[in-house]
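I opened this entry to keep track of what I looked up in the structure. The notes follow the order in which I went through it.

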Amino acid sequence: MNNVGDFLKTNGIKPSYQRIKIYEYLMQNKEHPTVDSIYNALNGQIPTLSKTTVYNTLKIFIDKGIAMAITIDDNEVRYDAWMDIHGHFKCTHCQQVTDFSVDFDGIVGEELLDFDVLERQLFLYGVCKKCKEES
Ligand SMILES: [Zn+2]
Ligand SMILES: [Zn+2]
């Protein structure tokens with residue numbers, strides 16, 4: 001708990017109980033939760049929690065560079081605390097989102113030479129190994 005608090009402080013974020021809980025949840029749940037799923041998971045532990053608080057807290061995390069929003073689905077934003085560059089694979093059967101490492105430098109063509117790239121996202125869609133084995 002203290003470590004997360006210190007980490008938030010180091011990144012210029014006042015470590016309130018709610019913020020610590022939300023960041024811990026993001027770290028522990030790698031399935032890229034939405035505002036709704038974070039709210040539903042923590043609502044029982046933090047009686048004063050609202051969806052607006054969750055949303056605003058995530059916004060602060062993103063502004064400070066310790067979390068990112070991914071829009072792999074058209075209609076919902078998911079959140080991720082793994083800040084190393086990586087891609088996302090979404091299984092169209094079980095809807096699971098899987099992280100994978102990617103070497104962006106190796107896949108970007110020379111068309112972007114001398115461009116400043118500010119954000120890198122790579123989304124792949126398909127059927128995951130588990131679903132393939134079950135079908
Ligand atoms: Zn699957
Ligand atoms: Zn991810």
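**Core**

I started with the largest nonpolar core, which has 11 residues: Leu8, Ile22, Tyr23, Leu26, Ile38, Val54, Leu58, Phe61, Ala67, Tyr79 and Ala81. I then checked which elements supply two or more residues to this core, and found helix 2 (17–28) and helix 4 (51–63). This is a predicted model, so I read everything below as computed from that model.

Leaving out residues up to four places away in sequence, I find Tyr23 touching Val4, Leu8, Phe61 and Ala81.

**Helix 2 against helix 4**

I next looked at how the two helices meet. The axes of helix 2 and helix 4 come within 10 Å and cross at roughly 75°. An angle of 65 to 115 degrees counts as roughly perpendicular, and helix 2 and helix 4 are therefore roughly perpendicular to each other.

Which residues of helix 2 meet helix 4? I listed Gln18, Arg19, Ile22 and Tyr23 on the helix 2 side, and Thr53, Val54, Thr57 and Phe61 on the helix 4 side. By type, the residues of this contact are four nonpolar, three polar and one charged.

**Whole chain**

I stepped back to the protein as a whole. I count six helices and five strands, and along the sequence they follow the pattern α-α-α-α-β-β-β-β-α-β-α. The C-alpha trace spans about 45 × 45 × 25 Å along its principal axes. Of the 135 residues in the protein, 13% are buried. Taking contacts between residues at least 6 apart in sequence, I note that 46% join residues at least 24 apart.

I then turned to the open sheet of three strands, which has the order 4-3-5 and mixed pairing. Strand 4 and strand 5 (123–126) are at the edges with a single partner strand each, so each has one side without a neighbour in the sheet. The twist from one strand to the next averages 30°.

Do strand 3 and strand 4 run parallel or antiparallel? I find that strand 3 (residues 86–91) and strand 4 (residues 97–101) run antiparallel, joined by five bridges. Within this pair, Gly87 is opposite Phe100 in strand 4. Strand 3 and strand 5 run parallel, with four bridges between them. There I noted that Phe89 has Leu124 in strand 5 as its bridge partner.

**Two positive phi values**

I looked up two residues that have a positive phi although neither is a glycine: His32 at about 60° and Gln95 at about 70°.

His32 is in the loop between helix 2 and helix 3 (35–42).

**Asp6**

My last stop was Asp6, which lies in helix 1 (residues 2–10). Asp6 has 11 other C-beta atoms within 10 Å, so I put Asp6 down as exposed. I also took the separation of the C-alpha atoms of Asp6 and Gln121, which is 29 Å for residues 115 apart along the chain.

Definitions and conventions:
Residues are numbered from 1 along each chain as its sequence is written. Chains are lettered from A and ligands numbered from 1 in the order in which they are written. This is a predicted model: local features need pLDDT of at least 70, side-chain atom pairs count only at pLDDT 80 or more; totals for chains, interfaces and linings use all residues. A nonpolar core is a set of buried Ala, Val, Leu, Ile, Met, Phe, Trp, Tyr and Cys residues joined through C-beta atoms within 7 Å. A residue is buried if 20 or more other C-beta atoms lie within 10 Å of its own, exposed if 12 or fewer, and partly exposed in between; C-beta atoms are placed from the backbone. Two residues are in contact if their C-beta atoms, placed from the backbone, lie within 7 Å. Two strands pair if DSSP finds at least two bridges between them. Axes are lines fitted to C-alpha atoms, for helices over the stretch in contact, and angles run from 0 to 180 degrees between N-to-C directions. Angles under 35 degrees count as roughly parallel, over 145 as roughly antiparallel, 65 to 115 as roughly perpendicular and the rest as oblique. Ala, Val, Leu, Ile, Met, Phe, Trp, Tyr, Cys and Pro count as nonpolar, Asp, Glu, Lys and Arg as charged, and the others, Gly among them, as polar.
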